[in-house]
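Subject: Structure handover

Hello,

Here is the structure for your files. Please open it beside this note; the findings follow below.

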Amino acid sequence: MAKAGHAWSRAAAEQGEAEEGEDPLDARIARTGCLEQHRQLQECMAERQDWRHCQEELRAFGACMARRQQRQH
């Protein structure tokens, strides 16, 4: 059930497949504190198959990442 992009990460984790090795992108995003927003965006993308229908999730993830960058400077 591999999908283009990164949408498979939650499904794989739920099936226990991700236990073998954590996805490097998930690990990097987890360190930002924005993993939940990222997962919500990925779930929306998997369901809707069109990023234009996921603007709320996209904005939430972008805002979280922007806050993270501001804290680093």
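**Contacts of C44**

C44 touches Q49, H53, C54 and E57, leaving aside residues up to four places away in sequence. Contact here means heavy atoms within 4.5 Å.

Before going on, some ground rules. This is a predicted model, in which local features need pLDDT of at least 70, side-chain atom pairs count only at pLDDT 80 or more, and totals for chains, interfaces and linings use all residues. Residues are numbered from 1 along each chain as its sequence is written, and side-chain values use heavy atoms, with hydrogens and water left out.

**Overall fold**

The protein has 4 helices and 0 strands. Along the sequence the pattern reads α-α-α-α. Helices (H or I, at least four residues) and strands (E, at least two) are DSSP runs, numbered from the N terminus. Of the 73 residues in the protein, 26% are buried. Buried means under 20% relative accessible area, exposed over 50%, and partly exposed in between (1.4 Å probe, protein chains only). Take the contacts between residues at least 6 apart in sequence: 44% of them join residues at least 24 apart.

**α3 against α4**

Helix α3 (residues 35-48) packs with helix α4 (residues 55-72) at an angle of about 155°, and their axes are 9 Å apart. That makes α3 roughly antiparallel to α4, a label for angles over 145 degrees. Axes are lines fitted to C-alpha atoms, for helices over the stretch in contact, and angles run from 0 to 180 degrees between N-to-C directions.

Which residues meet? From α3 come Q37, H38, Q40, L41 and C44; from α4 come E57, L58, A60, F61 and C64. By type, the residues of this contact are 6 nonpolar, 3 polar and 1 charged. Ala, Val, Leu, Ile, Met, Phe, Trp, Tyr, Cys and Pro count as nonpolar, Asp, Glu, Lys and Arg as charged, and the others, Gly among them, as polar.

Q40 lies in α3. Q40 is partly exposed, at a relative accessible area of 38%. Q40 and C54 are 14 residues apart in sequence and 9.3 Å apart in space, C-alpha to C-alpha.

**The core**

The largest nonpolar core has 8 residues: I29, C34, L35, L41, C44, C54, F61 and C64. α3 and α4 each supply at least two residues of this core. α3 gives the most, with 3 residues. A nonpolar core is a set of buried Ala, Val, Leu, Ile, Met, Phe, Trp, Tyr and Cys residues joined through side-chain atoms within 4.5 Å.

Best wishes

How values were computed
Angles under 35 degrees count as roughly parallel, over 145 as roughly antiparallel, 65 to 115 as roughly perpendicular and the rest as oblique.
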